[in-house]
Amino acid sequence: MALLKAVRVSDVPTLDVVVVPDIDAASAKQQQRGSGGAGRFAVIGHRGKGMNALSSPDRRLQEVKENSVRSFNEAARFPVDYVEFDVQVVFEYAKDRPIIFSSFQPDAAQLMRKLQSTYPVYFLTNGGTEIYADVRRNSLEEALKLCLASGMQGIVSEARAIFRFPAAIPKIKEADLSLLTYGTLNNVPEAVYMQHLMGVDGVIVDLVPEITKAISDLITEPKADMEIANDLSSKELKDVTSTPNFTRREISFLLRLLPELVQ
């Protein structure tokens, strides 16, 4: 059996010349951005239709085996943008499917970004909700620094970290990075809706039917009044149609919700 040799990221050449499927320019641009396109709040099925939790009293978390073809097909019955699962055989079989690579391991994420430029690479992080020996894994600030230094396109954070450190969101957005979240809070429609208001681009969820319905009920595509639009520059129009606006009721809800979420 051949032995595998560990290498440093800096020792690996950039291999952007690998053979890739024929993707048109519009598709390629969206691939690089990831998360479903500008202005859209993405819903992603965790391990298909949702991760199984056999010890949970909630039968919805035991319905379909995770990471199975049936689970992927079940998720496809609902308006999800992606399903999350482990991948190999990508350049051979992906064709024009939208793909996002992600990893909790900083070096692995850097390698995925360095070895190809067709698909966006996101860094997965607990955002400080757990502590590791590798400091790059211990905060949203470190995740942001890693993405900027490595040319990655986005961050996937534990949802609790977003509520604990909401000031990180505008920093991530100002860096032109996409922001997704995962975790048990994403099975709570109100918590998902609040993330939408805070500027998160999408959520990875286990309760696909419930959350996709909640999203369709709570979130609508922003539309600017045409008379106002005629008097605005393109930049001002973008701000009007994409910047979340909090009502008094939403702010009150947020203030009540945050103390519970940060525990």
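Does Lys95 count as buried or exposed, and at what relative accessibility?

## A first look at the model

With 58% relative accessibility, Lys95 counts as exposed, because the cut-off for that word is anything over 50%. This residue belongs to a predicted model, and what follows should be read with that in mind.

The protein has 263 residues, of which 41% count as buried. Its secondary structure comes to 12 helices and seven strands. When contacts between residues at least 6 apart in sequence are considered, 61% of them join residues that are at least 24 apart. The protein exposes about 15700 Å², and carbon and sulfur atoms supply 55% of that area.

## Two loop residues with positive phi

Lys95 is found in the loop that runs between α3 (90-93) and β3 (101-103). Although Lys95 is not a glycine, its phi is positive, at about 55°.

At 63% relative accessibility, Asp176 counts as exposed.

Which residues of helix α9 are buried? In this helix, which spans residues 208-218, they are Val208, Ile211, Thr212, Ala214 and Ile215. Seen down the axis of α9, these buried residues fall within an arc of 160°, and so they line one face of the helix.

The face of α9 that is turned away from the buried side carries Lys213 and Asp217, which are exposed. On the buried side, the cover comes from several elements, including the strands β1 (42-46) and β7 (202-205), together with the helices α2 (69-75) and α8 (189-198).

## How α8 packs against α9

Two packed helices are described by the angle between their axes and the distance between the axes. For α8 and α9, the angle is about 50° and the axes are 10 Å apart. That angle makes α8 oblique to α9, and the crossing in which α8 passes α9 is right-handed. The contact is made by Pro189, Val192 and Tyr193 on the α8 side, and by Ile211, Ala214, Ile215 and Leu218 on the α9 side.

Pro189, which lies in helix α8, deserves a separate look. Its relative accessible area is 28%, so Pro189 is partly exposed. Leaving aside residues up to four places away in sequence, Pro189 touches Ile211, Ala214 and Leu218. Pro189 and Ile215 are 26 residues apart in sequence, while in space they are 7.6 Å apart, taken from C-alpha to C-alpha.

## A buried glutamate in α2

Helix α2, which is among the elements covering the buried residues of α9, is also the place of Glu74. Is Glu74 buried or exposed? With a relative accessible area of 18%, Glu74 is buried, because buried means under 20%. Not counting residues up to four places away in sequence, Glu74 touches Lys49 and Val64.

Note on methods
Residues are numbered from 1 along each chain as its sequence is written. This is a predicted model: local features need pLDDT of at least 70, side-chain atom pairs count only at pLDDT 80 or more; totals for chains, interfaces and linings use all residues. Side-chain values use heavy atoms; hydrogens and water are left out. Buried means under 20% relative accessible area, exposed over 50%, partly exposed in between (1.4 Å probe, protein chains only). Helices (H or I, at least four residues) and strands (E, at least two) are DSSP runs, numbered from the N terminus. The arc is that of the directions from the helix axis to the C-beta atoms. Contact means heavy atoms within 4.5 Å. Accessible areas come from the Shrake-Rupley method with a 1.4 Å probe; for residues, only the protein chains shown count as cover. Axes are lines fitted to C-alpha atoms, for helices over the stretch in contact, and angles run from 0 to 180 degrees between N-to-C directions. Angles under 35 degrees count as roughly parallel, over 145 as roughly antiparallel, 65 to 115 as roughly perpendicular and the rest as oblique. A crossing is left-handed if the near helix is turned anticlockwise from the far one by less than a right angle, and right-handed if clockwise.
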